[in-house]
Amino acid sequence: MLFQKFATFMRQLVNAMGGLLFLALFLTFLVQIAARFGFNQPLPWSDELAVILYLWVILWSCAFVVPEREHVMFDLVWHSVGPATRRLMRMVGHTLMGGLAVAALPASWSYVHFMAREKTAVLGLSFEWVFLPFVLLLVALAARSWQGLVQAMNHRDLSVHELQP
């Protein structure tokens, strides 16, 4: 029960963070449009901030907000095989995706940490903060893959046992 409440709280927290990031991106666009077209004074910082926020919104949402079933999938083969083959496909897929994410994590973190010495041109933000959501995406991908693999191995994966169309 306590774990369920904590999971719900964390889901609401990451959704709120995604919403705030998107709101900041939207407001940046409004400021940028008003400055450029309303006052004929383009703001260089708004372009840079919009790019950084866009990167954060996309990677944050992919890592934490969008559920696995909502990601793009090619399911032509999936619907043509039975539950046992689907289960095997999920186990292999989760093993590959999670394994690749875990394998990429040390080098990615090393690069992101290395980029702390560089700053963005206008705002002067450390590139470590700009690229950090990629590392978070890899961690989330590894965790989701592990969860999916465990569910598939324990026959608790509902998408494997769905009815054929």
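The largest nonpolar core of this predicted model comprises 11 residues, namely V14, L21, L25, A50, I52, L53, W56, V57, W60, V130 and L132. A nonpolar core is here a set of buried Ala, Val, Leu, Ile, Met, Phe, Trp, Tyr and Cys residues joined through side-chain atoms within 4.5 Å. At least two residues of this core come from each of α1 (2-38), α2 and α4 (127-153), and the greatest contribution is that of α2, with 6 residues. Helices are DSSP runs of H or I with at least four residues, numbered from the N terminus.

Two packed helices are described by the angle between their axes and the distance between the axes. The axes of α1 and α2 come within 9 Å and cross at roughly 160°; axes are lines fitted to C-alpha atoms over the stretch in contact, and angles run from 0 to 180 degrees between N-to-C directions. The two helices α1 and α2 are therefore roughly antiparallel, a term applied to angles over 145 degrees. Their crossing is left-handed, in that the near helix is turned anticlockwise from the far one by less than a right angle.

The loop between α1 and α2 contains N40. Most residues other than glycine have a negative phi. The phi of N40, however, is positive, near 55°. N40 counts as exposed because its relative accessibility is 61%, exposed meaning over 50% relative accessible area and buried under 20%, with a 1.4 Å probe and protein chains only.

Within α2 (residues 44-65) lies E48, which counts as buried because its relative accessibility is 14%. Residues up to four places away in sequence being set aside, E48 touches T120, A121, V122, L123 and G124. E48 and A121 are 73 residues apart in sequence, yet their C-alpha atoms are 8.2 Å apart in space. The side chain of E48 reaches the backbone nitrogen of A121 at 3.3 Å and that of L123 at 2.8 Å. Such a polar contact is a pair of N or O atoms within 3.5 Å, one able to donate a hydrogen and the other to accept it; residues adjacent in sequence count only if both atoms are side-chain atoms.

Residues are numbered from 1 along each chain as its sequence is written, and side-chain values use heavy atoms, with hydrogens and water left out. As the model is predicted, local features need pLDDT of at least 70 and side-chain atom pairs count only at pLDDT 80 or more, whereas totals for chains, interfaces and linings use all residues.

Key: Contact means heavy atoms within 4.5 Å. Angles under 35 degrees count as roughly parallel, over 145 as roughly antiparallel, 65 to 115 as roughly perpendicular and the rest as oblique.
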